[in-house]
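The sequence and the structure come before the details.

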Amino acid sequence: RQSAGVDVDYNATAAQQFNGTLLGGIPILNNGVDIPQFWATPSTGTKLANLTNWDSTRRARVIRALGSFLVALNITESGTNYGHQVLWSHPAEPGNVPSSWDETDAAVDAGLNELPDVNSGVIVDAGPLRGSLYIYKGTSTWRMTFVQGSRYIFDFKTFSETSGILAPRCWTTTPDGLRHVVLTQDDLIIHDGNAIKSILDQRMKKTLFDAIDPSNYLTSFLFTNPRYNEVWVCYPTIGQTVPNKALIWNYKEGGLSEADVAFQHAVQGEFQTLDTEQWNSGTDTWE
């Protein structure tokens with residue numbers, strides 16, 4: 001990253017610390033330790049920079065986009081953690097980052113809310129679905145929805161009082177964008193914002209959770225493999241510090257299988273296909 005014109009290394013070191021989002025095509029990167037970053041012009045010649053208009057005394061465990069808003073969750077301010085806080089920005093203009101995060105300024109739509117169910121644990125992660133943001137705690141899930149014309153800006157309602165998430169990155173969206181698959185503390189579930197369905201039977205639940213290392217479960221993660229209609233649940237087995245096994249669920253056929261893994265994260269997106277230009281006739285400059 002670049003700060004005050006100087007290249008600076010990030011302080012976060014583990015894959016599970018990083019999360020990100022796209023706000024109107026602008027990549028936002030966050031790790032909970034450093035100031036959130038934005039990539040104004042995605043190119044190898046452009047460094048990431050501290051998020052403009054962000055309060056430098058604050059850090060966020062998670063940052064997600066919801067429409068034209070950025071939402072920061074599980075806030076630490078001046079070294080004090082507020083694990084139940086949800087902070088949202090003023091809506092960003094197209095092609096720009098938010099102009100304000102000041103929840104005390106009545107002239108902007110930035111705001112702050114505290115989720116009151118403290119016994120459910122702190123906010124662990126969040127993901128957008130069907131126009132709302134689903135906020136996952138250890139043993140509960142909240143739904144954050146924009147309310148047009150409301151002075152409160154967003155409406156917060158409990159979606160599930162008993163089902164949360166095991167660790168950061170332990171949710172993924174199905175390719176149709178209509179459902180979340182979530183690894184909870186004792187199950188693998190799928191929901192569409194209305195109904196929750198368990199994917200595993202009792203025997204498979206026991207097999208999976210008995211296999212996950214109890215000290216390093218935070219490195220677990222999920223991702224969707226749409227080419228094969230699969231969701232991969234990657235986790236460290238007993239004695240391992242990073243994921244080395246995956247439980248694979250085929251969401252069209254319902255089958256389960258397993259595989260070894262040797263990676264700590266995955267990303268889903270579009271890749272540029274091969275082009276017809278021949279190497280010996282290419283005119284691009286490598287440097």
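## Largest pocket

Sorted by class, the residues lining the largest pocket are 16 nonpolar, 9 polar and 3 charged. The model is a predicted one. The volume of the largest pocket is about 1,200 Å³. It has 28 lining residues, and those closest to the pocket centre are G20, R64, A266, V267 and Q268.

Two or more residues each come from strand 3 (19-23), strand 4 (26-30), strand 7, strand 11 (123-129), strand 15 (171-173) and strand 19.

## Enclosed space

Searching the whole structure for cavities of 30 Å³ or more gives 1. The largest cavity holds about 30 Å³ of space. Its lining consists of Y10, F18, L29, N30, N31, D34, I35, P36 and Q37. By class, that lining has 5 nonpolar, 3 polar and 1 charged residues.

How many residues of strand 20 (residues 230-235) are buried? The count is 6 of 6, and the strand is mostly covered. In a regular strand, side chains alternate between the two faces of the sheet. In strand 20, E230, W232 and C234 lie on one side, V231, V233 and Y235 lie on the other, and all of these are buried, which leaves both faces covered.

Strand 20 pairs with strand 19 in the antiparallel sense, through 5 bridges. Within this pairing, L222 has V233 of strand 20 as its bridge partner. The two strands make a hairpin with 4 residues between them, and N229 in the turn has a positive phi of about 60°. Strand 20 also runs antiparallel to strand 21 (residues 245-250), with 6 bridges between them. There, V231 has W249 of strand 21 as its bridge partner.

## Aromatic contacts

A pair of aromatic rings is described by the distance between the centres and the angle between the planes. The structure holds 13 aromatic pairs. One of them is W54 with W101, an edge-to-face pair with 4.9 Å from centre to centre and 80° between the planes. This pair links distant parts of the chain: W54 is in the loop between strand 6 (49-50) and strand 7 (58-66), W101 is in the loop between strand 9 (80-88) and strand 10 (111-114), and they are 47 residues apart. W54 counts as buried because its relative accessibility is 9%, under the 20% cut-off. W101 is also buried, with a relative accessible area of 4%.

The ring centres of F221 and F263 are 6.2 Å apart and their planes meet at 55°, so this pair is tilted. F221 belongs to strand 19 (residues 221-225) and F263 to the segment after strand 22 (256-260), so the pair ties together parts that are 42 residues apart in sequence. Elsewhere, a single aromatic cluster is formed by F69, W88, F146, F154 and F156.

## Cysteines

The number of disulfides in the structure is 0. C170 is in no disulfide, and the nearest cysteine sulfur, that of C234, is 9.5 Å away. C170 is buried, with 0% relative accessible area.

C234 is likewise in no disulfide, and its nearest cysteine sulfur is that of C170. C234 is buried as well, with a relative accessible area of 0%. This residue is on the side of strand 20 that also carries E230 and W232.

## An exposed loop position

T162 lies in the loop between strand 14 (154-160) and strand 15. Its relative accessibility is 71%, so T162 counts as exposed. The C-alpha atom of T162 is separated by 23 Å from that of L247, and the two residues are 85 residues apart along the chain.

Definitions and conventions:
Residues are numbered from 1 along each chain as its sequence is written. This is a predicted model: local features need pLDDT of at least 70, side-chain atom pairs count only at pLDDT 80 or more; totals for chains, interfaces and linings use all residues. Side-chain values use heavy atoms; hydrogens and water are left out. Rings of Phe, Tyr and Trp (its six-membered ring) pair if their centres lie within 6.5 Å; planes under 30 degrees apart count as stacked, over 60 as edge-to-face and the rest as tilted. Buried means under 20% relative accessible area, exposed over 50%, partly exposed in between (1.4 Å probe, protein chains only). A disulfide is a pair of cysteine sulfur atoms within 2.5 Å. On a 1 Å grid over the protein atoms alone, a cavity is a set of points where a 1.4 Å probe fits but cannot get out, and a pocket is an open set with protein on both sides within 12 Å along at least five of seven lines; lining residues have an atom within 4 Å of a point. Grid points are joined across faces, edges and corners, and a volume is the space filled by probe spheres set on the points. Ala, Val, Leu, Ile, Met, Phe, Trp, Tyr, Cys and Pro count as nonpolar, Asp, Glu, Lys and Arg as charged, and the others, Gly among them, as polar. Two strands pair if DSSP finds at least two bridges between them.
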